[in-house]
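Visitor: I would like to learn how to read domains and interfaces in a model. Could you walk me through one?

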Amino acid sequence: ETIITLNKAKIKIWVLTGDKQETAINIAYSCNVFEDEMDGVFMIEGKDSETILQELRGKMKPESLLESDPVNIYLKKKPKRTFTMPEELPRGDYGLVINGYSLAFALEGNLELELLRTASLCKGVICCRMTPFQKAQVVELVKSMIKAAHIGVGISGQEGMQAMLNSDFAFSQFCYLQRLLLVHGRWSYNRMCKFLSYFFYKNFVFTLVHFWYAFFNGFSAQAVYDTWFITCYNLIYTSLPVLGLSLFEQDVNETWSLHFPELYIPGQHNLYFNKKEFVKCLIHGIYSSFVLFFVPMGTIYNSERSDGKDISDIQTFCLIVQTSLIWMVTVQIALKTTYWTMISHFFIWGSLGFYFCILFFLYSDGLCLMFPSIFQFLGKALSQIWLSLILSVILCVIPAFGYQFLQPLVFDRINHCKTRPPQVRVRTKLKHPSLRRSAYAFSHKQGFGALITSGKTTKTKPNKKNSFPVKKKESSDISTRIVAFQEKSISGVPSTIPLKF
Amino acid sequence: MEKEFHHHPSRMPDNSAMKQQKLPAHQLHFSARVVLTIFFATGVFCFCMGVILILSAQSIQEIEINYTYICENCAKLRENAFNFDQKCTCSVPFYLQENMEGDVYMYYKLYGFYQNHYRYVLSRSNNQLVGKDIMDVEDCAPFKVSQNKTPIAPCGAIANSMFNDTIILSYTLKSSVHIQVPMLKTELTWWTDKYVKFQNPSLINLSDRFVGTEKPPYWQAPIYELDTSDPGNNGFLNDDFIVWMRTAAFPTFKKLYRRLYRVQYFMDGLPAGNYSFNISYNFPVTRIKGEKSVVLSTLTWSGGSSLFLGLAYTVTGAFLWLASFALMAIHMTMKKKKLSYRR
């Protein structure tokens, strides 16, 4: 079940094992790494480099023999930089089987790329008869070429703790992988992206105000903020809300995450934080800093207090800009947070309240008298400050708010999944009835498998214990009745998987 | 398959709500109705606020006279710094069309004077100004000490460049009868400035307390002679001085100079008629390509006559309104599309 779910999340499964080919294939079918509905399963069984090359290229992508193929170009030029595999979408579901002997050739030199390219197009790959060293080689190959972020997961079993000690995560059952990836992995990606885009945004707004001010202060780098504000901004006023967002944020709860493995796909394709998102963040920051500067400027430019006294001084200007900035970034993070726990409330509103407390403290008479040169700013708040503040917050937040509202409408994403019930995949008939699984899992050579699977030696019985909701051909019914407990190794880690039928 | 019984305690993480990410929480979903309501309500609020602000700004009367080049000979005189001890006065007549009712405030306005320059803003000594240590001139570069190495009081570039024009408003009661409009020169500053941030070393015998210091190079008289008639307005407590020391945020700024004293003919403000400003022109703005002017203005609760806030609110309100309608339209079309898609 775990593997079915992972397949739905478009996660490709590679099985690296030391077992025989038939065993491995059987296990693959029973675990849903390979499915009956796949468009093709290719076996690489060549005994030397040439054959293997032909098999790899010719079987899956006949056009890879052309000159214009990027891999061919790379192989000819041999540039110094490492080659990142271009993303290619297969036109159907394919599986690949390769045994250790062929793999020894396939891992050399040019064939590495071919193997990788072909294997990346497959939904599932079985490498059987592998030595431990070859297993490590294959993992290295995939890691270095695709350059995807990776974690090592060890499943503890009875054969020892070695893999567990070497891995980033360790747990006891294979099915926990589902939760790790689809729930926690997804949440982690989501949180990371939100954190990054928010952090960049708040610092852009903070800093770019000085760009606008430069035109008005003779380009003399006079700061728009009080020095204490600059010190405390990232450290005290805005650190806790960001922490709260990164620790507790959930865009969909765990039940939905497990129910819809397709939600995992944006993480694989880097959709939530990439160059485009960064540019959006930058533009939002520039716009916000523009509003943040010009609204207070317009407010105090030609203005006085109601009793005639001055409000167009640097101190008042700094105060207005600071307070507007804090409000603006607080409202922005409040909009970004979709999962409001008590802690989130406390962090966000608490930071805002804390800012006001510190403000009154720093601007108090007592402190000014004690340290006149350090604490220069004194004074009180004015009604125009509030008006200016409200206007700048509204102007900054409303476009982001509107965009957030429009995005799911115009670009269907998560909400779309939520509104539509999960479609039950209607399984079509077997496409390749000729590829029958051998009924013998332990044969050393091509035995009587064909004889037995043809059904001539057993009585045909109607099969009631069908684990797949599909109509199957008679002959394959027999294979479903084989029950065996096997020692399987996945990623070089021993574990036990009860086979379900 | 039975598991071995572990002798050591379980290493499972706590089943607490915090560690299992199961904290009770409220998931925020902005439905279309909520979003549209927010847009609409904010739009209405902004629009109303804007209209109120515009109306209040319109009710203010303001008159500004730019006298930089009207007093041409004075301007030319001041361009040469060696003429500092020559006095130059200038008279600028103007006509007030309507009565200015209520409190009237007189400001001087400067253009192109960068009080917000970084080095300029730093050049002051707050220790000195609060009366703690009159000899502390550390931060005041380049006006720390005079040529004979005595510390300057008040030190720094801000104090040194203080505005020193004298502006007197006079009213033509009848032809050839001119009276000086009574003006107050107190209560021009923030309360905290006058009573906390700026303090004299001691009120008694001010000139003695400043022994050992010198006046800033650009000043005509030392600090303790700024207003000898009123000891509460002398020394560091001088209102004009304090107003000037509050550095402005932009190169164009106005500072409060005098307030109307509502007595005799000016009980209800300034009546309409002929007026003139008698200015003793000292401040050399033409050298820095700046300008200066006098502003007379009434005020309301929302501050001066600046229309910016009012306009900005009105425009924002109108825009939000339009946006809410547009969003509603988009939402309706998308909904229809989705429904047809589902079928």
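Guide: We will go through the domains, the annotated spans and the chain contacts in turn.

Guide: First, some ground rules: this is a predicted model, in which local features need pLDDT of at least 70, side-chain atom pairs count only at pLDDT 80 or more, and totals for chains, interfaces and linings use all residues. Residues are numbered from 1 along each chain as its sequence is written, chains are lettered from A and ligands numbered from 1 in the order in which they are written, and side-chain values use heavy atoms, with hydrogens and water left out.

Visitor: Into which domains is chain A divided?

Guide: Domain bounds come from an automatic or database domain assignment. For chain A they give domain 1 (2-143), domain 2 (181-418) and domain 3 (466-501).

Visitor: How many residues of domain 1 of chain A are in contact with domain 2 of chain A?

Guide: Contact means heavy atoms within 4.5 Å. Seven residues of domain 1 of chain A touch nine residues of domain 2 of chain A in this way.

Visitor: What area do domain 1 and domain 2 of chain A bury between them?

Guide: The size of an interface is often given as the accessible area lost when the parts come together. Buried area here uses a 1.4 Å probe and is summed over both parts. For domain 1 and domain 2 of chain A that is about 610 Å², 72% of it on carbon and sulfur atoms. On the side of domain 1 of chain A there are three nonpolar, one polar and three charged residues. In these classes Ala, Val, Leu, Ile, Met, Phe, Trp, Tyr, Cys and Pro are nonpolar, Asp, Glu, Lys and Arg are charged, and the others, Gly among them, are polar.

Visitor: How many salt bridges are counted between domain 1 and domain 2 of chain A?

Guide: A salt bridge needs a side-chain nitrogen of Lys or Arg within 4 Å of a carboxyl oxygen of Asp or Glu. The count between domain 1 and domain 2 of chain A is zero. Over all chains, the structure holds 15 salt bridges. One of them joins A:Asp251 and A:Arg186, with the closest N and O atoms 3.3 Å apart. A:Asp251 lies in the loop between α11 (239-248) and α12 (254-259) of chain A and A:Arg186 in helix α9 (residues 176-214) of chain A, so the pair ties together parts that are 65 residues apart in sequence. Helices are DSSP runs (H or I, at least four residues), strands are runs of E (at least two), and both are numbered from the N terminus.

Visitor: Where does UniProt place the "transmembrane region" of chain B?

Guide: UniProt positions follow the numbering used here, feature names are shortened, and annotations may be inferred rather than shown by experiment. The unreviewed UniProt entry puts this feature at residues 34-55 of chain B. In the model that span is 100% helix and 0% strand, and its end C-alpha atoms lie 32 Å apart.

Visitor: How many residues of chain A are in contact with chain B?

Guide: There are 81 residues of chain A in contact with 77 residues of chain B. Together the chains bury about 6,700 Å², 62% of it on carbon and sulfur atoms. Three salt bridges are counted between chain A and chain B, and B:Lys254 and A:Glu304 form a salt bridge with an N to O distance of 2.7 Å. On the side of chain A that touches chain B, helix α18 (residues 383-410) of chain A gives the most, with 15 residues.

Definitions and conventions. Buried area is the accessible area (1.4 Å probe) that two parts lose on being put together, summed over both.
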